[in-house]
Amino acid sequence: MNRAQRKLILPTAIAAIIAALVLLAPFLPLADVRLMDIPGRFSAPSSEHWLGQDEFGRDVLSRLIWGGRASLFIAIGSALAAAVIGTTLGLLGGFFRGFVEVITVRFSEVILCLPPLLLALLVVTILGAGTWPLILALTLLYTPNYARVVYAATLQVRSLDFVTAQTAMGAHPVQILARTVLPNILPPLLVQMSLVVASAMVIESGLSFLGLGVVPPTPSWGLMIRAARGAMEQQWLLLVWPSLALAGTILTFNLLCDRLQSALDPRGVTGGGALWLRRGRNAPAPTPVAKVAAEADALLRVEDMSIRLHAETGMIELVRGVSFTVMPGETRAIVGESGSGKTLTGLALTGLLPDVLSISGGRALFNTRDGTQVDLSKLDEDAFRTLRGREVSMVFQDAAAALNPVLRIGEQLGEAIRAHNDIDDAALNKRVVALLRQVGLPDPESRVRSYPHELSGGQRQRAMIAVAVANEPRLLIADEPTTALDPTIQAQILTLFQTLKDETEGMGLIFVTHDLAVVAEIADQVTVMYAGEVVEEGPVDQVFARPRHPYTAALIASVPEGGADRLVAIPGTVPTPHNMPPGCRFAPRCDHAIAACSAAMPDIERPAPDRRTRCIRWEEVT
Amino acid sequence: MTGPLVQAHGLGRNFPMRQGLLGRPRDVWAVRDVDLTVARGETLGVVGESGCGKSTLGRMMMGLDAPTTGSVEFDGRDLADVKGGERRRLARRMQMVFQDPFGSLDPRRSVGAQIADGLRIHNIVPSDKIAEEVLRLTEQVGLSPESVRRRPHEFSGGQRQRVAIARALATRPDFIVADEPVSALDVSIQAQVVNLLMDLRQDLDLAMLFISHDLHVVRHLCNRIVVMYLGRIVEEGPAAKVFGTPAHPYTRALLESTPSLEPRHAALGDRVLPGELPSPMNPPSGCPFRTRCPIAEPACAQAVPPLTPQEDGWRAACIKAGPVKIAEPA
């Protein structure tokens, strides 16, 4: 039983007790609901009458239970009837569209235009008061609500690939609706259901209160409230009981539907909770910028950096012991599959890790423009803000998401420049246009006034790069900047990176990607990551010509380039962080694995002065 | 190889768009004048950049979208003429594998139930044999037997794509449209799926339309290749010819701008195609590629160049077409 199912126990239990009470009312040893006892009217709760007696001396407890029978029957009955009719209409309208949509959904929307209480009053007035007219009125009232909710959800679901797949398979439309669409629109349907039951109970009580619902002397909660209102001065408790019953039942039902919804979600619901409520992290306290005398060599030296996830189940190390350096003017590629930790490494260096992650070890020494050395792994947000843009800058994969959609390109670029420079408007404008021209955006003078959605994917990526290089950073980190682009546009952007680097002396570039071919085109040095660890490192041409780690070798062989008849596929999948194999993390998928591989984590070996590999058998197998 | 199984004649799809509130609808042709054939046992690759109409073409070939002009014939029958129950029976013989393995499986039903759907709908096997057949299919695509009880979210991307392929194979189709089936997968996983598709083509004598923007994968997997640009076919022919000595300047540009593991002699900058795909709402006159073409001349703006045969089964739509060996390492 998982967490979501456990959370169902409480509301289910209460609902079961309520249901059992009203269903078993005829068999319970309750007093007759009509038995009057005039001398005992308005008497307080006693051992004989647990909740006291009403204005005719009738037993309140028994009337409450029998009243619940009437109220719940009407509310749930009409909610279910409306659900069945409304869902059918919504499904048909949303799935078939066109003419069917007009006669189902649009028609039922007419009812939505009428004031609900008036509509109910109208039906009850025509058909007379009583249980069945009330159910009919409420069903009529709530059908359009369901139809609309289901219609909207169906529209969303019908365009999904798995529904198209069913159509392509030749399934009958009715079958698709019942088996594929309906289960996938259940969540909004359940929410709607809980709302309607609650609202139907209130309206039923309201109508009964007005004398248009259940006919006395049959008890109902609405009638009880009505009667108690007149006798409020004599016995206020009479008002409390039915109100409590009404509110309690509605709350229980809402809770039940909410929890049912999350229990039905196959993906399971994550812990959740507000960010600020989460437990404090035991990350090292942010220390002030460590200013050390600069050693004038590497631009960035990452040493043994680890990144941890603070999960409910404890700490999980997502990136372990990553080390690499970036020299001025050098392009370092970090390459790996999804889950290798390559993106996290990039984010950590700009202080942009999500809140649940933190750097748990190692250092990242960065030489700033003015010759001091800072440890990027220890900086706090304020210290990072002074570095970002001017010293370290980042380009993201999805330019459409990274640019602000409501600001013009020129404004966003200007903002980035103003963050570090104090210049007047004319100079700023000139600088913006110059930057856009530098990144090769056609017609920069008019593009300044464009919004991001007015640019194509390639042009947006150019604008992103312009923002990133606006303050001439010394280190540019690009996270899959060309992955979403077409081949000809990708080639354009790669050329742009090359040109930018040639024009800016001493700028280091970290290029995070999964595409080995891109690495071969652009990088000088490559770091290969697998399951959160660096497995191999070295100059690109050497690593690709002669990989010294089985993973790199397999990765290169799995690229469908060259004449091989069959691709080399690496069996299995990347291990999840919860389930890391002992020793070498690649061993379970490695063709050359021996017992010693899983015994201990392999040390870094140096096949050549500038090469590193994390494999104990590199000499024999590569 | 026998005669063509699927044939498209003059296929076109128009999505009229209204510009502004009161503007008149303008024609936006996603696909235009496409003639195609796919034979049994053949894999036809469709390549092109996003917005070139290759996915729309795939959906029309499957009969999921009705073409605005032209027709699709499957085994000699026009898909537009077959309706209702008969159309659903015909659907058994054509299946689709989608790009996104996370969206193409129903998250609420077990993998086994989804594979069994096709078996039940078309009565492929008697109902008491269904469980057995599902196991056979999961094994065929390389999944473990216990996976049939699990739901899609418990699988990785590559495994889900295998499930999607198993589901497509359940109805024993003759024709499969695979729309970017490996684009969303990691390199090492991509190789697994590409190998699987190659095995299946051989074992089952499938006709396959393989849509992809990854030229390396297409070259590896396909016998014949169609290159599309702005809704039209610009070059079509045997894989070795089209990618070895491309006749159309766009194919050449596409090949040259695709990054390669082997460093090439020319610097990247010299191989880059300038500009971007023109808007399909306002296509250039004449040859659609002329605005970016390095060898365009005034005559290119006159008329849309027809697909003219180069050699047997090899056609290109360019007035200056001719095979050119490019500096792509073999």
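Helix 6 of chain A bends by about 30° at Tyr142(A), and a proline, Pro144(A), follows within four residues. The bend at a residue is the angle between axes fitted to the seven residues ending there and the seven starting there. Helix 6 covers residues 131–158 of chain A; at 1.5 Å a residue its 28 residues should span 40 Å, and the end C-alpha atoms are 39 Å apart, which agrees. The expected span is 1.5 Å times one less than the number of residues. Helices (H or I, at least four residues) and strands (E, at least two) are DSSP runs, numbered from the N terminus.

The model is predicted: local features need pLDDT of at least 70, side-chain atom pairs count only at pLDDT 80 or more, and totals for chains, interfaces and linings use all residues. Residues are numbered from 1 along each chain as its sequence is written, chains are lettered from A and ligands numbered from 1 in the order in which they are written, and side-chain values use heavy atoms, with hydrogens and water left out.

**Sheets of chain B**

In chain B, eight strands make up an open sheet of mixed pairing, in the order 8-9-10-5-11-12-14-13. Two strands pair if DSSP finds at least two bridges between them. Strand 8 (94–97) and strand 13 (308–311) of chain B are at the edges with a single partner strand each, so one side of each is left without a neighbour in the sheet. On average, neighbouring strands of this sheet are turned by 20° against each other, direction ignored. Axes are lines fitted to C-alpha atoms, for helices over the stretch in contact, and angles run from 0 to 180 degrees between N-to-C directions.

Within this sheet, strand 9 (residues 175–179) and strand 10 (residues 207–211) of chain B pair in the parallel sense over five bridges; Phe175(B) stands opposite Ala207(B) in strand 10 of chain B.

| Helix of chain B | Strands of chain B touched | Angle between directions |
|---|---|---|
| Helix 5 (residues 157–170) | strand 8 and strand 9 | about 175° with strand 8 |
| Helix 9 (residues 249–257) | strand 11 (224–229) and strand 12 (232–238) | about 100° with strand 11 |

Another open sheet of chain B has four strands in the order 4-1-6-7, with antiparallel pairing. Its edges are strand 4 (29–39) and strand 7 (77–78) of chain B, each with a single partner strand, so one side of each is left without a neighbour in the sheet. Strand 6 (residues 69–74) and strand 7 of chain B pair in the antiparallel sense over two bridges, and Glu73(B) stands opposite Asp78(B) in strand 7 of chain B.

**Individual residues of chain A**

Glu537(A) lies in strand 11 (residues 533–539) of chain A. Glu537(A) is buried, with a relative accessible area of 9%; buried means under 20%, exposed over 50%, and partly exposed in between (1.4 Å probe, protein chains only). Its side chain makes a polar contact with the side chain of Arg612(A) at 2.8 Å. A polar contact is a pair of N or O atoms within 3.5 Å; within protein, one must be able to donate a hydrogen and the other to accept it, and residues adjacent in sequence count only if both atoms are side-chain atoms.

Ser558(A) is placed in the loop between helix 22 (550–557) and helix 23 (595–599) of chain A and is buried, with a relative accessible area of 1%. The side chain of Ser558(A) reaches the backbone oxygen of Leu555(A) at 2.8 Å. Leaving out residues up to four places away in sequence, Ser558(A) touches Leu567(A), Val568(A), Val187(B), Ser188(B) and Ala191(B).

Methods: Contact = heavy atoms within 4.5 Å.
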